[in-house]
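Please look through the sequence and the structure shown here before reading on. The notes that follow go through them topic by topic for a reader who is new to them.

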Amino acid sequence: MAATGQPINMQKEQMFGLAEKEMEYRVDLFNRLTQTCFDKCMEKKHKEAELNMGGWDRLELGICRRLYSKEVVGRGPGPRRRARVAMVATTHQKGRSGQGGLQSEAYSPLST
Amino acid sequence: MDKSMLGDLDGLPEEDKLRMAAMVDQLQIRDSLRMYNSLVERCFTDCVDTFRRKTLDKQEESCVRRCAEKFLKHSMRVGMRFAELNQGVATPD
């Protein structure tokens, strides 16, 4: 029992380590997302405390684009996907039209 | 970031759940401190240009206040969207 117990414990430790790393990664992603979107969407003069309407919409779009590009990078491009990314990117450039931007494919680097 | 990040951990034994919860708490504390620091730096960089006196001017003070409010609201908004997208909810247009 003791001999078989050892590897199971180590595997558990590894799983905990992985879970911790994934959580850290998500926190980091969120922080970078927040920073990037704020820098790109908000004016610096801070005329008022509210998020302006212009900043709001751009923020929503920025989040979608950022998360989608992250997903694409994670998967690595294939020829069909490259075409898809280009299509979605041009759709967004034309304005807020069509879908919300992020396909609801399972977004999870370590999908369990 | 909160415990919803843990997803489906109900199948785990109690001690593992506690350990994961402790991990989340630690990350949360660390992230709060980091956000505070970066917020202070950001608002200072945006609002304070000169060092004429030690204390803040009226404009500088209100600018800093607005900066902090705006950033925190922004951060909450991003957090909401982030959580929604993580769960695969379709985003409204």
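This is a predicted model, in which the mean pLDDT of chain B is 83 and 83% of the residues of chain B reach 70 or more. For the model as a whole, the scores are ipTM 0.75 and pTM 0.60.

**Chain B as a whole**

- Chain B contains 2 helices and 0 strands, and 33% of its 93 residues count as buried.

**Aromatic pairs between the chains**

- Over all chains, the count of aromatic pairs comes to 3, and two of these pairs are described in the points below.
- One of the pairs is formed by A:Phe30 and B:Phe82, whose rings are tilted, with 5.6 Å from centre to centre and 55 degrees between the planes.
- Because A:Phe30 belongs to helix α1 of chain A while B:Phe82 belongs to helix α2 of chain B, which covers residues 58-86, this pair joins two chains.
- A:Phe30 has a relative accessible area of 14%, so A:Phe30 is buried, and B:Phe82, with a relative accessible area of 6%, is buried as well.
- Another pair, formed by A:Phe38 and B:Phe71, is edge-to-face, with 4.9 Å from centre to centre and 75 degrees between the planes.
- This pair also joins two chains, because A:Phe38 lies in helix α1 of chain A and B:Phe71 lies in helix α2 of chain B.
- Both of these residues, A:Phe38 and B:Phe71, are buried.

**A charge over a ring**

- The ring of A:Phe16 has the charged end of B:Arg19 sitting over it, at 3.9 Å from the ring centre.

**The largest nonpolar core**

- The largest nonpolar core is made up of 8 residues, of which A:Phe38 and A:Met42 come from chain A, while B:Leu39, B:Cys43, B:Cys47, B:Cys63, B:Cys67 and B:Phe71 come from chain B.
- Within chain B, helix α1 (14-47) and helix α2 each supply at least two residues of this core.
- A:Phe38 and B:Phe71, which form the edge-to-face pair, are thus both found among the residues of this core.

**A buried asparagine in chain A**

- A:Asn31 lies in helix α1 of chain A, a helix that covers residues 2-41.
- With a relative accessible area of 10%, A:Asn31 falls under the 20% limit and is therefore buried.

**A buried glutamate in chain B**

- B:Glu60 lies in helix α2 of chain B, and B:Glu60 is buried, with a relative accessible area of 12%.
- B:Glu60 and B:Val48 are 12 residues apart in sequence, and their distance in space is 6.2 Å, taken from C-alpha to C-alpha.
- Leaving aside its neighbours within four places in sequence, B:Glu60 is in contact with B:Cys47, B:Val48, B:Asp49, B:Thr50 and B:Thr55.
- One of these contacts, B:Cys47, is also a member of the largest nonpolar core.

Note on methods
Residues numbered from 1 in each chain as written. Chains lettered and ligands numbered in written order. Predicted model: local features only at pLDDT ≥ 70, side-chain atom pairs only at ≥ 80, totals over all residues. Heavy atoms only, no water. pLDDT = per-residue confidence, 0-100. Helix = DSSP H or I, 4+ residues; strand = E, 2+ residues; numbered from the N terminus. Buried < 20%, exposed > 50% of the residue type's maximum accessible area, 1.4 Å probe, protein only. Phe/Tyr/Trp six-rings, centres within 6.5 Å; stacked < 30°, edge-to-face > 60°. Lys NZ or Arg CZ within 6 Å of the ring centre and 35° of its normal. Core = buried A, V, L, I, M, F, W, Y, C linked by side-chain atoms within 4.5 Å. Contact = heavy atoms within 4.5 Å.
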